[in-house]
Amino acid sequence: MRRGLIALVLLPVYWGLQVVLFDDTFALSSYFQAHLYLAFFLFLPLGLPLWLQYTLALGWSMLYGLHYPVALGALLIGTTTLLALRSLWVRLVTPSTDFADDGHMAFGTKPLSWCAAYSLPLIATYEILFQGLSNLSLGWPVWQRVLGTSAYTSLWVFAVFILFYRKR
Amino acid sequence: MQRLLDLLSRYGSVVYFLVLQFVGLRLLVDRSPLHGELYGQSALGLAGRLEAVEQGLSSHFTRSEQNRQLQLENQALHTQLEALKQRLATYQYQVPYLPGKSPLPDSLLPAVDYRFIPCRAVGNSVQGNYNYLILNIGRKHGVKPEMGVISASGVAGMVVDCTEDFSRAISVLNKDFRLSGRVRHRGVYGSFGWDGRSAGRGQLEHIPLHFQILPGDTVEASGYSTLFPEGTLVGTVVRVVPDEVSGFQDIEVALSTDFNKLDYLYLVEALHKPQLDSLSLRAREGS
């Protein structure tokens, strides 16, 4: 109950910070943005059929594309690749004490190792692919965005993990 | 049906992934002007390269017919060129001397002096000192001895013998070949031949020392003999060696014709040769 309340309060605070402060006031969105939708994909149950995961990625990309059509293609390629890599990664590391037998992620792992071994590499891979495709370049300005966005998104995903998914 | 379902269950997600990647790329190209432009340029470049390969392959099979067509076109162009040269010479030298300077009527204009017969070299020797060419046309095609042989690049040889269907010509790379040549723009004439030392070089002789001949000058047929039309290319001067003893210069000429690649050729028939030969004969008998 308490966790839910915290989430309800924190979410609008986050949106306010991102839009009013970081984007409008400091114009930091050139350097980093929080692609919070990645949290949705990273926290999808691992046992969910892959075709369903891909369909969710397609649906999300179409929704996002209504607002930002130029990024639609890169988003679809990035999210489907992220899910494919995630599925591959799970196959490589199981059986492992980090995951329950039914395929759902057991979130009793240490947060830092979860972040370092799972969320951060996947987020970074997604950002490299997405930013590289969108800008058709991997020069230093694009790398700045990749690094900034990966770090910022990871922080938020990590915060969500701490608040809602970590087993106590 | 069961097999299809098994296949789908094994590889369906991979196929779905690939389809979505393709859809994503398509959306990227369609919705982003930058990506669309890049795709257009790449597609154009790739299509151009594929077309070039396809053209190369198809032209390989039609090349001989194309070459035959080109040879016929060249024959017509050679004839036209000679006709124009004749007309130009006529207007340059004859019109000022006519009463009232009226132009000559067509009937008094000289006819074309040369006829060009297309042929191909079916035999060619380049190794010896007395090299020859075998041509795929003979007497029944109108070939006669002492017809000049030219290639697309210039002088090639002279017919010395013929049968009904074939002829033999001595090439420029033959010590017996001689030609009256001149150095273009210098107005000096000499005797051109081949000394047998270098396959790509001939010698222009009897050029007096006081004429300044430079490497790069063009050597062409003078037109004094009936073998080749005036101006037919022989080669380019590469070396000039003055001989103070004889009072002449030894001029080495790089041949314009590549005798290692002879194929399509033309025989030159001088239409007024019989008249010129009979005049020369009477002149010799008279002297």
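Buried here means under 20% relative accessible area, exposed means over 50%, and partly exposed is what falls in between (1.4 Å probe, protein chains only). The views below show a predicted model, in which local features need pLDDT of at least 70 and side-chain atom pairs count only at pLDDT 80 or more, while totals for chains, interfaces and linings use all residues. Residues are numbered from 1 along each chain as its sequence is written, chains are lettered from A and ligands numbered from 1 in the order in which they are written, and side-chain values use heavy atoms, with hydrogens and water left out.

**View 1. B:Asp195 and B:Arg197 make a salt bridge.** The closest N and O atoms of this pair are 2.8 Å apart; a salt bridge is a side-chain nitrogen of Lys or Arg within 4 Å of a carboxyl oxygen of Asp or Glu. B:Arg197 is exposed, at 72% relative accessible area, whereas B:Asp195 is partly exposed at 25%.

**View 2. Another salt bridge joins the side chains of B:Lys140 and B:Asp165.** The N to O distance is 2.7 Å. B:Lys140 sits in the loop between strand 2 (130-135) and strand 3 (148-150) of chain B, and B:Asp165 in the loop between strand 4 (155-162) and strand 5, so the pair ties together parts that are 25 residues apart in sequence. Helices (H or I, at least four residues) and strands (E, at least two) are DSSP runs, numbered from the N terminus. B:Lys140 is exposed at 56%, and B:Asp165 is partly exposed at 30%.

**View 3. B:Arg186 pairs with B:Asp217 in a salt bridge.** Here the closest N and O atoms are 2.9 Å apart. The link spans distant parts of the chain: B:Arg186 is in the loop between strand 6 (178-183) and strand 7 (188-193), B:Asp217 in the loop between strand 8 (201-208) and strand 9, 31 residues apart. Which of the two partners is buried? B:Asp217 is, at 11% relative accessibility, while B:Arg186 counts as partly exposed at 31%. Elsewhere in chain B, a network of salt bridges links B:Arg182, B:Arg184, B:Glu220 and B:Glu230. Over all chains, the structure holds 14 salt bridges.

**View 4. B:Thr232 lies in the loop between strand 9 (218-221) and strand 10 (233-243) of chain B.** With a relative accessible area of 12%, this threonine is buried. A polar atom of the B:Thr232 side chain lies 2.7 Å from the backbone oxygen of B:Pro229. Neighbours within four places in sequence aside, B:Thr232 is in contact (heavy atoms within 4.5 Å) with B:Ile150, B:Gly154, B:Val155, B:Glu220 and B:Ala221.

**View 5. Strand 2 of chain B pairs with strand 1 and with strand 5.** Strand 1 (residues 114-124) and strand 2 run antiparallel over three bridges; two strands pair if DSSP finds at least two bridges between them. A hairpin of five residues joins strand 1 to strand 2, and B:Gly123 stands opposite B:Ile134. Strand 2 and strand 5 are also antiparallel, over five bridges, with B:Ile134 opposite B:Arg168. In a regular strand the side chains alternate between the two faces of the sheet. In strand 2, B:Asn131, B:Leu133 and B:Leu135 make up the covered face, and B:Tyr130, B:Tyr132 and B:Ile134 the uncovered one.

**View 6. B:Leu173 is part of strand 5 (residues 167-174) of chain B.** This leucine counts as buried, at 1% relative accessibility.

**View 7. Chain B meets chain A through 15 residues, which are in contact with 19 residues of chain A.** About 1500 Å² is buried between the two chains, and carbon and sulfur atoms give 75% of that; buried area is the accessible area (1.4 Å probe) that two parts lose on being put together, summed over both. B:Tyr16, B:Leu20 and B:Arg31 supply 33% of the area that chain B buries against chain A, more than any other three residues. How many salt bridges are there between chain B and chain A? The count is zero. Helix 1 (2-31) and helix 2 (33-93) of chain B are the elements that give two or more residues to the chain B side, and helix 1 gives the most, with 11 residues.

Terms used:
A polar contact is a pair of N or O atoms within 3.5 Å; within protein, one must be able to donate a hydrogen and the other to accept it, and residues adjacent in sequence count only if both atoms are side-chain atoms.
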